[in-house]
Amino acid sequence: MSVSYRQPGVVLTDRHFTVPLDHEDPTGETIELYAREVVAGDKAHREDLPWLVYLQGGPGFGANRFVGRQAWLGRALDDYRVLLLDQRGTGHSTPLNRQTLPLYGGPAEQAERLTHFRADSIVRDCETIRPALTGGAPWTVLGQSFGGFCTVNYLSTAPEGLRAAILTGGLPSLDAHADDVYRAAYPRIERKVAAHYDRYPQDVERARRIAEHLMRHESVLPNGYRLTVEAFQSLGIMLGGSDGSHRLHFLLENAFVRTPGGHELSDAFQEEVQNSLSFAGHPLYALVHEATYGQDSRPTDWSAERVRAEFPQFDAAKTLAGDSPLLFTGETIHPWMFDCDPALRPLRDTAELLAAHTDWQPLYDPARLAVNEVPVAAAVYHDDMYVDAAHSLETARAIRGLRTWVTDEFEHDGVRAGGPRVLDRLIALTRDEA
């Protein structure tokens with residue numbers, strides 16, 4: 001049953017769908033998907049509006065909860081009826097987390113289940129629900145970050161379902177192993193940290209002081225998160241966003257408070273840090289992040305952790321023993337996160353099994369992409385901290401007819417920060433190509 005309601009300027013409809021857990025076994029177990037349909041209030045009666053389905057970044061995040069015509073959504077509603085899909089396992093779509101995963105068995109059963117929560121399954125979900133919404137007509141996909149990875153899988157496996165494809169910061173390498181992804185990532189992360197310290201040189205000493213404090217004192221945040229030096233370094237994930245450097249600066253400047261016993265980490269600092277580091281709202285991000293790169297018999301095997309050892313400048317102990325600035329890290333998942341975060345601790349064994357998994361199916365079809373006929377436009381951010389621009393441009397050349405917009409005006413969240421302007425340009429590119 002669908003329920004419609006209004007916000008300023010828009011009409012929303014809650015949609016619910018039933019799809020197979022394993023699309024190779026359509027008569028087996030099913031899961032529920034949730035999506036929110038959004039249409040401009042003055043177009044709600046229009047039956048001829050084309051559909052645009054939004055695939056969120058992540059993996060592991062539900063779709064944006066917009067109010068009215070915020071960010072890029074306002075531009076999309078000029079032309080489309082929009083479907084904000086909670087990808088399987090996220091949001092209201094049969095969510096998976098430390099509380100729900102035990103319903104399906106122990107770590108082995110949980111890990112096996114999670115192999116069905118990658119881009120290929122998400123795309124088959126889209127193709128399962130599309131006919132019910134569009135009457136069989138193709139729709140446009142907007143893929144942000146990991147949503148772009150899903151979109152390239154869509155172009156590889158079901159291009160007949162696509163009227164056009166728009167990608168923002170989401171062109172993956174077609175054949176890179178996770179190790180290749182992180183070998184390219186750590187130098188980019190280092191550049192972002194250097195740029196942050198150039199902007200806020202006072203943060204060099206502040207970051208060292210916090211790290212030295214954490215080396216000497218065990219710190220447990222109010223929610224039970226164990227704040228280690230490595231966990232503190234992982235706040236560098238902020239640096240991939242348009243306002244991330246500024247947010248990190250404001251966080252660091254309020255780290256300590258003077259108390260009768262000396263200086264301690266302030267309650268305000270601890271509160272903000274736990275909100276930034278906790279995976280309670282998106283545990284799948286930690287569980288299947290590296291699995292999104294698996295395409296053959298090689299395990300991912302905690303790739304980000306192993307590859308980090310090749311970049312000793314990120315070793316906090318060595319840094320603090322010398323006089324080099326402490327380096328933050330970025331979009332990397334590490335086994336110690338499953339010890340530090342109470343939202344992940346019960347899932348440590350499950351994560352280990354996923355890291356050791358060796359039967360990953362290919363996600364992309366280079367031969368099919370080479371003869372692509374779907375209009376495709378992609379924003380590639382020049383020094384994107386999360387997705388390597390060189391990998392993206394190599395893939396862009398491999399997809400027939402794809403139009404790129406390479407820009408250094410935005411960070412990875414350009415479609416949010418740039419709002420209607422970014423989406424408007426990409427829509428125009430797909431129409432030019434068509």
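**Entry 1: a strand pair**

I began with A379 and looked for its bridge partner in β11, which turned out to be W405. The model I am reading is predicted.

**Entry 2: the whole sheet**

Next I traced the strands across. Nine of them form an open sheet, and I noted the order as β1-β2-β3-β5-β4-β6-β7-β10-β11. The pairing is mixed. Which strands are at the edges? I found β1 (3–7) and β11 (402–407) there, each pairing on one side only. From one strand to the next, the twist averages 20°.

**Entry 3: helix α3**

I checked the length of α3, residues 119–134. With 16 residues at 1.5 Å a residue, this helix should span 22 Å, and its end C-alpha atoms are 22 Å apart, so the two agree. Still, I noted a kink of about 30° at T128, shortly before the proline P131.

Which residues of α3 are buried? My list includes I122, V123, I129 and L133, but also D125, E127 and R130. I looked for what covers the buried residues and found, among others, strands β2 (10–20), β3 (30–40) and β6 (139–144), together with helix α4 (146–157). Just after α3, I saw that G135 takes a positive phi of about 70°.

**Entry 4: a proline in a loop**

I moved on to P59, in the loop between β4 (51–55) and α1 (73–79). Is P59 buried or exposed? Its relative accessibility is 3%, under the 20% cut-off, so P59 counts as buried. I looked up its contacts beyond four places in sequence: F146, L284, Y285, V288, H289 and T292. I also compared P59 with A291: they are 232 residues apart in sequence, yet 9.9 Å apart in space, C-alpha to C-alpha.

**Entry 5: the cores**

Last, I looked inside. The largest nonpolar core has 110 residues, and those with the most contacts inside it include W139, L171, L227 and F338. Helix α5, residues 178–199, gives the most to this core, with eight residues.

Leaving aside neighbours within four places in sequence, L227 is in contact with L214, S219, L221, F232, L265, F269, V273 and L277.

How values were computed:
Residues numbered from 1 in each chain as written. Predicted model: local features only at pLDDT ≥ 70, side-chain atom pairs only at ≥ 80, totals over all residues. Heavy atoms only, no water. Helix = DSSP H or I, 4+ residues; strand = E, 2+ residues; numbered from the N terminus. Buried < 20%, exposed > 50% of the residue type's maximum accessible area, 1.4 Å probe, protein only. Contact = heavy atoms within 4.5 Å. Expected span 1.5 Å × (residues − 1). Bend = angle between axes of the 7 residues up to and from the residue. Pairing = 2+ DSSP bridges. Axes fitted to C-alpha atoms, helices over the stretch in contact; angles between N-to-C directions. Core = buried A, V, L, I, M, F, W, Y, C linked by side-chain atoms within 4.5 Å.
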